[in-house]
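Dear colleague,

I am handing over a structure and would be grateful if you could look through it before we next talk. My notes on what was found in it follow below.

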Amino acid sequence: MSFNGLQVVIISNFCLIAYIFAYGDRMLVFHVMAADRLCNGRIKGGWGWRLSLGLAGIPTLLLTVRPLLVVGSPNSLIERGRLDEGKAVLRKIRGTDKIEPEFLELVKASRIVKQVKHSFRNLLK
């Protein structure tokens, strides 16, 4: 199974939300205390909360944009039918031109995976 860019962004954001729910109480307490001390306590004019919100948005923006900038893995490229790109990425990762056996193995595995129907439904049986 391969994902397109939008699916990766959605999955990344859901992972971030799950992380926040899992550790949110600790993060929230720390963030509120840090924002109060750093932004509201020292910045005049009442716009400290805006700065705090903006600074909190930077990691979220990075987590959202990062998947779009990452080159696909050789396996995902091969599964999407982009064999030449998959071979080039595999060559770059391995640092050698002797990748043909591994490349052929990935192509064979991709063909086998494409023959499987309803893989998620089969897991739930």
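**What was found**

Arginine 91 is partly exposed, since its relative accessible area is 33%; here buried means under 20% relative accessible area, exposed means over 50%, and partly exposed covers what lies in between, using a 1.4 Å probe and protein chains only. Please bear in mind that this is a predicted model, in which local features need pLDDT of at least 70 and side-chain atom pairs count only at pLDDT 80 or more, while totals for chains, interfaces and linings use all residues. Residues are numbered from 1 along each chain as its sequence is written, and side-chain values use heavy atoms, with hydrogens and water left out.

**Confidence and overall make-up**

The mean pLDDT of the chain (the predictor's confidence in each residue, from 0 to 100) is 75, and 58% of the residues reach 70 or more. Among the elements, helix 1 (residues 5-40) has the lowest mean pLDDT, at 63, whereas helix 4 has the highest, at 92. Where pLDDT is low, the predicted coordinates should not be read in detail.

The chain has six helices and zero strands, where helices (H or I, at least four residues) and strands (E, at least two) are DSSP runs numbered from the N terminus. Of its 125 residues, 18% count as buried. Taking the contacts (heavy atoms within 4.5 Å) with a separation of 6 or more, 44% of them are between residues 24 or more positions apart.

**Helix 4**

The twelve residues of helix 4 should span 16 Å at 1.5 Å a residue, and this agrees with its end C-alpha atoms, which are 16 Å apart; the expected span is 1.5 Å times one less than the number of residues. Gly86, Val89 and Leu90 are the buried residues of this helix, and, because they fall within an arc of 100° when seen down the axis of helix 4, they line one face of it. That arc is taken from the directions from the helix axis to the C-beta atoms. Helix 3 and helix 5 are among what covers these buried residues, while the face turned away from the buried side of helix 4 carries the exposed residues Asp84 and Lys92. Following helix 4 comes glycine 95, which has a positive phi, near 75°.

Glutamate 85 also lies in helix 4, where it is partly exposed at a relative accessible area of 40%. Its side chain is joined to that of arginine 82 by a polar contact of 2.7 Å, a polar contact being a pair of N or O atoms within 3.5 Å; within protein, one must be able to donate a hydrogen and the other to accept it, and residues adjacent in sequence count only if both atoms are side-chain atoms.

**Helix 5**

For helix 5 (residues 100-115), 16 residues at 1.5 Å each should span 22 Å, which agrees with the 23 Å between its end C-alpha atoms. Phe103, Leu106, Val107 and Ser110 are buried in helix 5, and since these buried residues fall within an arc of 100° seen down its axis, they line one face of the helix. They pack against helix 3 (74-79) and helix 4 (83-94), whereas Pro101, Glu105, Lys108 and Gln115 are exposed on the other side of helix 5. Serine 110 counts as buried at 3% relative accessibility, and, leaving aside residues up to four places away in sequence, it touches Ile78 and Glu79.

**Salt bridges**

With a salt bridge taken as a side-chain nitrogen of Lys or Arg within 4 Å of a carboxyl oxygen of Asp or Glu, the count comes to four. One of them joins the side chains of glutamate 100 and lysine 87 at 3.2 Å, N to O. Because glutamate 100 lies in helix 5 and lysine 87 in helix 4, this pair ties together parts that are 13 residues apart in sequence. Glutamate 100 is partly exposed at 36% relative accessibility, as is lysine 87 with a relative accessible area of 22%.

Arginine 91, with which these notes began, meets aspartate 97 in a salt bridge of 3.3 Å, N to O, and aspartate 97 is exposed at 62% relative accessibility. Glutamate 102 and arginine 94 form a salt bridge of 2.7 Å, N to O; glutamate 102 is partly exposed at 29% relative accessibility, and arginine 94 is partly exposed at 44%.

With kind regards
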